[in-house]
Protein chains: 2
Amino acid sequence: MLSEFELIARYFDRPQAPDNVVRLGVGDDCALLAMPPGQMMAVSTDMLVEGRHFFAGTDPDKLGHKALAVNLSDLAAMGAKPMAFTLALALPSADESWLAGFAQGLFALADTEGIRLIGGDTTRGPLNLCITAMGSVPENLSLRRDAAKNGDDLWVSGTLGDARLALEVLQGKSVLPDDVLALAEARLHRPTPRCALGMALRGIARAAIDVSDGLLGDLGHLLARSHLGADIHAASLPAGPALAQQPAQMQIDYMLNGGDDYELCFTAPLEKRDAVLSAAASANTLVTRIGNLKPGAGIRILDATGMTLPFTSNSFDHFGKDM
Amino acid sequence: MLSEFELIARYFDRPQAPDNVVRLGVGDDCALLAMPPGQMMAVSTDMLVEGRHFFAGTDPDKLGHKALAVNLSDLAAMGAKPMAFTLALALPSADESWLAGFAQGLFALADTEGIRLIGGDTTRGPLNLCITAMGSVPENLSLRRDAAKNGDDLWVSGTLGDARLALEVLQGKSVLPDDVLALAEARLHRPTPRCALGMALRGIARAAIDVSDGLLGDLGHLLARSHLGADIHAASLPAGPALAQQPAQMQIDYMLNGGDDYELCFTAPLEKRDAVLSAAASANTLVTRIGNLKPGAGIRILDATGMTLPFTSNSFDHFGKDM
């Protein structure tokens with residue numbers, strides 16, 4: 001039986017020299033971080049629980065990726081550059097093949113995004129992953145939820161709805177051909193955090209939020225903080241490649257209320273349209289203009305003729321429904 | 001049924017104006033922190049699991065205190081000043097009386113130590129509390145585990161062993177009179193993080209670690225990082241007031257291998273003895289000199305005649321034994 005300290009050493013303590021940011025990493029009571037001059041530290045934490053955020057038996061490599069990706073998505077939505085993260089892990093047993101797979105998925109993404117593991121905690125318990133991610137952003141360039149202005153364009157990155165489609169199939173509620181399911185599952189299991197886009201949008205976008213619980217619900221939070229409403233043009237919503245092959249009603253439902261998309265929804269002034277497109281191109285990320293902000297409250301979904309479609313937010317609430 | 005967002009708002013979103021450190025708190029994708037000039041950020045994370053770190057049915061007020069206290073103890077051991085923390089919480093159900101009690105214990109300690117909740121995550125799942133705490137410390141004054149020097153005095157704050165004594169009684173392995181148990185339980189349920197002492201020891205102590213898993217085990221980590229050994233004088237170890245009423249063999253066993261003490265074990269040069277005592281007095285915290293560092297490896301426990309007593313580290317390993 002591996003002890004806690006042997007576990008940590010074997011899978012999570014990757015010797016790395018101190019650098020300009022991480023002055024002391026894993027192995028002391030605390031890690032020590034130096035902030036670059038003029039930068040704020042952006043901090044976000046997410047907890048993933050087996051049976052709620054992922055199925056029992058999920059490939060640990062995918063889980064390692066996703067646990068970090070969902071936190072990086074929060075940094076992206078702030079326009080922050082990833083710096084460092086902590087990992088707390090409750091495991092039913094010290095299963096070495098599980099740990100090896102988890103560490104592989106975790107560090108592959110960490111290395112891609114240039115973020116270092118600086119500390120953590122491991123314990124025995126029902127499977128639970130808690131990551132706290134730290135990034136840096138100049139305060140006046142951060143993309144806050146409360147910074148949207150009336151008339152701003154509303155944009156979304158990437159595509160929506162494929163993760164939800166995959167979830168429905170994995171739950172046995174729907175069926176897809178294998179090749180289509182594979183497309184959708186990639187979005188459910190390996191979301192791409194939009195860090196490069198978030199950083200490229202500094203000084204261009206005004207407000208941003210990451211779409212994790214469904215577009216309508218998450219946009220609703222941004223609008224509430226900015227005291228505005230929005231019109232969304234249904235025909236402009238970007239469906240994921242798997243979802244795009246499904247019935248029209250399912251498409252719009254999953255795009256608006258899907259969950260697990262980990263895309264950025266952001267606002268920008270009309271005169272920044274070209275700048276947004278250039279930023280997106282530099283970050284190699286698709287962006288789509290889906291509507292506009294308006295005075296008042298609430299979200300209207302408009303069809304191609306300008307008629308309001310009946311939709312209500314049904315976003316994922318972690319206390320409201322089961323996975 | 002409360003939604004996740006209603007839960008957060010009701011119990012954890014305490015409106016607070018931005019200050020010099022917390023520029024943006026709960027309610028966005030990330031919090032934003034500004035570091036005071038010349039300061040490092042110290043970061044620590046701990047996860048507490050029901051049935052392992054605390055009994056099912058533990059008073060939520062005590063749990064709120066302890067979940068934050070164990071993280072603050074890590075900041076203290078670095079000499080860091082508490083700044084901010086995040087909380088991720090998995091709960092079997094949205095139990096309002098539990099949440100109210102938990103928030104009360106949590107914020108009472110947070111307010112005492114001047115640390116602000118800046119973000120978090122709540123979800124349904126087996127009860128699990130994960131806190132990440134952030135503090136500030138000038139890099140050259142931080143109390144690292146690897147900074148001890150040969151010949152340093154070895155010190156410990158407060159008293160040892162009472163938390164373990166209480167645990168044994170609560171597990172039905174031992175019996176104590178009610179008034180003695182109350183003394184011991186206070187240490188198990190409401191440990192006092194030694195933040196004031198940690199800060200007062202900046203520039204005086206060399207190395208420090210917090211005693212959470214047992215003195216021998218934790219000191220062992222410090223010694224390993226500093227490539228040194230230590231002699232401990234058994235007669236000088238400070239027993240907790242409840243433990244001091246127990247048999248001598250139990251006293252020394254629980255002081256060395258008790259766990260859950262949340263005291264600081266630190267080293268300082270001999271010429272700093274008066275400075276250590278003054279710092280401790282300024283922090284209103286007892287400190288006791290318990291031994292010295294030596295070349296080599298390992299810890300010897302010496303009796304009053306200088307004979308070596310047979311003791312081995314049996315510190316708490318979260319994968320090695322059950323609570």
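This is a predicted model: local features need pLDDT of at least 70, side-chain atom pairs count only at pLDDT 80 or more; totals for chains, interfaces and linings use all residues.
Q: Which residue just after α8(B) takes a positive phi?
A: Gly259(B), at about 95 degrees. Residues are numbered from 1 along each chain as its sequence is written; chains are lettered from A and ligands numbered from 1 in the order in which they are written.

Q: What makes residues 248–257 of chain B a helix?
A: A helix is a DSSP run of H or I with at least four residues, a strand is a run of E with at least two, and both are numbered from the N terminus. The run 248–257 is therefore named helix α8 of chain B.

Q: Why is Asp28(A) counted as buried?
A: Buried means 20 or more other C-beta atoms within 10 Å of the residue's own; 12 or fewer means exposed, anything in between partly exposed, with C-beta atoms placed from the backbone. Asp28(A) has 27 C-beta neighbours inside 10 Å, so it is buried. Asp28(A) sits in the loop between β1 (22–24) and β2 of chain A.

Q: How do you know what Asp28(A) is in contact with?
A: Contact needs C-beta atoms, placed from the backbone, within 7 Å. With neighbours within four places in sequence left aside, Asp28(A) contacts Arg144(B) and Arg145(B). Gly119(A) is 91 residues from Asp28(A) in sequence, and their C-alpha atoms are 8.3 Å apart.

Q: Which residues of helix α8 of chain B are buried?
A: Gln251(B), Ile252(B), Tyr254(B), Met255(B), Leu256(B) and Asn257(B). Their cover includes α4 (162–170) and α7 (215–226) of chain B. In chain A, the buried residues of α8(A) pack against α4 (162–170) and α7 of that chain.

Q: What makes β12 and β13(A) a pair?
A: Pairing requires at least two bridges found by DSSP. β12 (residues 299–302) of chain A and β13(A) have two bridges, in the antiparallel sense. Ile301(A) stands opposite Leu309(A) of β13(A).

Q: Why do β8 and β13 of chain A stand at the edges?
A: The sheet is open, has seven strands and mixed pairing, and runs β8-β10-β7-β11-β9-β12-β13 in chain A. β8 (207–211) and β13 (308–309) each have a single partner strand, so one side of each lacks a neighbour in the sheet. Helix α2 (residues 60–77) of chain A packs on the sheet and touches β8 and β10 (263–268), pointing about 165 degrees from β8(A). Helix α7 (residues 215–226) of chain A lies across β7, β8, β9, β10 and β12, at about 155 degrees to β8(A).

Q: How do you know the angle at which α2 and α3 of chain B pack?
A: Axes are lines fitted to C-alpha atoms, for helices over the stretch in contact, and angles run from 0 to 180 degrees between N-to-C directions. For α2 (residues 60–78) and α3 (residues 96–113) of chain B, the angle is about 40 degrees and the axes are 6 Å apart.

Q: Why are the copies said to be related by a two-fold axis?
A: Superposition is by least squares on C-alpha atoms of residues with pLDDT of at least 70 in both copies. A rotation of 180 degrees, with 0.0 Å of shift along its axis, brings chain B onto chain A at RMSD 0.0 Å. The copies are thus related as by a two-fold rotation axis.

Q: How do you know that the copies meet through the same surface?
A: 100% of the interface residues of chain B are also interface residues in chain A, so the surface is the same. Each chain, A and B, gives 58 residues to the contact. Strand β3 (residues 39–49) gives the largest share of chain B's side, nine residues.

Q: What makes β3(B) largely enclosed?
A: 11 of its 11 residues are buried, so the rest of the structure largely encloses β3(B). One way point Gln39(B), Met41(B), Val43(B), Thr45(B), Met47(B) and Val49(B); the other way point Met40(B), Ala42(B), Ser44(B), Asp46(B) and Leu48(B). β3(B) runs antiparallel to β6 (residues 128–138) of chain B, joined by 11 bridges. Three bridges join β3(B) to β2 (residues 31–33) of chain A, also antiparallel. Leu32(A) stands opposite Ala42(B) there.

Methods. Two residues are in contact if their C-beta atoms, placed from the backbone, lie within 7 Å.
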